[in-house]
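Reader: I am new to this structure. Please show me how to read it, feature by feature.

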Amino acid sequence: MADLETQIEKLSAAIAALELQRTNLGDAAVDPAVAVLREQLAQLETGRAPTGDERKLVTIVFADVSGFTALSEKLDPEKVRELINACFDWLVPVVQKYDGTIDKFIGDEIMALFGAPVAHEDDAERALRAALDMMDAIVAFNHANETALGLHLGINTGLVVAGQIGGHNRRDYSVMGDAVNLAARLEDASSEGEIFVGPTTYRLTQRIFDFEPVPPLRLKGKEAPVEVHRLIGAKVVPKSTRGIEGLRAPLVGRDKELEEIRRALANLGAGQGSTVAILAEAGLGKSRLIAETRRLLPANVTWAEGRALSFTAGMSYWLAREILLSLLNVKPEAAQSEIMAALQKSLDGQSEIYPFLARLLELPMDAPMERRVKLLSSEALRSGILEALRGYVRRRAQQEPLLLVWEDLHWCDPSSWELLQMLVPLSNEVPLLLLCAARLEDNRLSEVLQENNGYCGHHIIRLSPLTRVEVAGSFNNC
Ligand SMILES: Nc1ncnc2c1ncn2[C@@H]1O[C@H](COP(=O)(O)OP(=O)(O)OP(=O)(O)O)[C@@H](O)[C@H]1O
Ligand SMILES: [Mg+2]
């Protein structure tokens, strides 16, 4: 049994080591090797005696609220406790919004988990988005309560043992392992306003967020110092979460599909738009094809993109807003003044649509501007926003051929879907190429294209798995 555990440990460590080398080695080298190791690991794990506990890859967040000590000197303990609870009431829903779990409260600290008991494919990303939102929540809390509390967080991802933990009298679901201790140490090392992230979290999310390195942490019992990054914010245009960075691994096959895309791009450059839908199971190469398209982009074409996420399917206009911000070339977390300046500059004289787009981006407006949207019924506001977006996209496409990427449409929210449905016919009138990617489980995209069957220039590209020969070839080439 001990041997089995040692082998499992060794295999897990080998997988982790390979994953850390992904950026250097490239996906085509790492993916097949990791797949083999994972298969061996799965076989070993089936031989393990059931204990009720599970090994899980979890992202652990420690969030510490600072400033209560100063308050305790001024207020009575009862009042301070009330404030702590009120503050937690603002922070806890943020964790829940991203489907994380509160593990425990430790004094004025929160420990939260992403990946246990419920796992998602993007738990590390969810944890970081929650951390950024918690920073905003503490500012809003201070504003509402005239307090000056601060927040700092440590976040780490790793394999943990998850299950009922505790003595005979009381057991609670929790997680244990080195990864948890490191998250706590990262929180200790961070100062007010900082979010420190461990190496695995960084590797999993570096294509989506901006970070800056900070001095490594020396930990008791560990020879090598631990690499630490400070989270800055989300990137304007996230790169694919799978390794397209640098495209080191050569593209395998997909000649026919690329030819179709080349044709659509050539037509776009010549002033003829279209809609291209890439449909395939997870991991078959939709994002990779989009990345290849970007490399083929004619110089006169503007590129903007948005990506739906698994937790944004219920967030109205999420994808539409992402695409608008990308068109304005500003980061989603940019200061309101910066977003406002970009919108004003981009709209020139088109002020009739300004209040609708400003409302969509939650920008402040002066009173006369505000009046134009304030008294509208919610239905009139919705159609005003969608029309404004269509008008804006039309105008941009008329100025310069425009390519809009809609990534991961299987998670698209309903209002952005409505916009896409309005843009598909437009892509036949103006130089607009809509490049959409969705997993097969969602057939809304095929339906939209079928509804627009009367138009020419709409293609569906269905990706089938690469053949063994193709994959083996790519492995030899890298
Ligand atoms: N034709 C190809 N040649 C070489 N590598 C490829 C090819 N297609 C995909 N890959 C690689 O396989 C991995 C998964 O591909 P990709 O991320 O594009 O899948 P996806 O269909 O977008 O998946 P998801 O639905 O999860 O977003 C990536 O590392 C990608 O670079
Ligand atoms: Mg993808």
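Author: We go from the whole chain to the ligand, then to single residues.

Author: This is a predicted model, in which local features need pLDDT of at least 70, side-chain atom pairs count only at pLDDT 80 or more, and totals for chains, interfaces and linings use all residues. Residues are numbered from 1 along each chain as its sequence is written, chains are lettered from A and ligands numbered from 1 in the order in which they are written, and side-chain values use heavy atoms, with hydrogens and water left out.

Reader: What is the mean pLDDT of the chain?

Author: pLDDT is the predictor's confidence in each residue, from 0 to 100. Here the chain has a mean of 86, and 89% of its residues reach 70 or more.

Reader: Where is confidence lowest, and where is it highest?

Author: Helices (H or I, at least four residues) and strands (E, at least two) are DSSP runs, numbered from the N terminus. Helix H18 (residues 468–477) has the lowest confidence, at a mean of 59. Strand E6 (residues 195–197) has the highest, at 97. Over residues 241–248 the pLDDT falls below 50. That stretch still has 21 contacts (heavy atoms within 4.5 Å) in the model, beyond near neighbours in sequence. Where pLDDT is low, the predicted coordinates should not be read in detail.

Reader: How many helices and strands does the chain have?

Author: There are 18 helices and 13 strands. Buried means under 20% relative accessible area, exposed over 50%, and partly exposed in between (1.4 Å probe, protein chains only). Of the 478 residues in the chain, 51% are buried.

Reader: Which residues are closest to ligand 1?

Author: A residue is near a molecule if one of its heavy atoms lies within 4 Å of it. Ligand 1 is surrounded by 18 residues, and the closest are Gly283, Lys286, Ser287, Arg288 and Arg439. Helix H10 (residues 286–295) gives the most to this shell, with three residues.

Reader: Which atoms lie 2.8 Å or 2.7 Å from ligand 1?

Author: Look for polar contacts: pairs of N or O atoms within 3.5 Å; within protein, one must be able to donate a hydrogen and the other to accept it, and residues adjacent in sequence count only if both atoms are side-chain atoms. A side-chain N or O atom of Lys286 is 2.7 Å from an oxygen atom of ligand 1. A backbone N or O atom of Val252 lies 2.8 Å from a nitrogen atom of the ligand. A polar backbone atom of Arg288 is 2.8 Å from an oxygen atom of ligand 1.

Reader: Where should I look for a cis peptide bond?

Author: Most residues other than glycine have a negative phi, and most peptide bonds are trans. Ala116 and Pro117 are joined by a cis bond, with omega about -5°. Pro117 sits in the loop between strand E3 (109–114) and helix H6 (123–145).

Reader: What is phi of Asp99 and of Asp408?

Author: Asp99 has a positive phi, near 65°. Its loop runs between helix H5 (77–97) and strand E2 (101–106). Asp99 is partly exposed, at 36% relative accessible area. Asp408 also has a positive phi, near 55°. Its loop lies between strand E11 (402–407) and helix H16 (414–426). Asp408 counts as buried, at 11%.

Reader: Is Thr59 buried or exposed?

Author: Thr59 is buried, at 1% relative accessibility. Its place is in strand E1 (residues 54–66). Its side chain makes a polar contact with the side chain of Thr157, at 2.9 Å.
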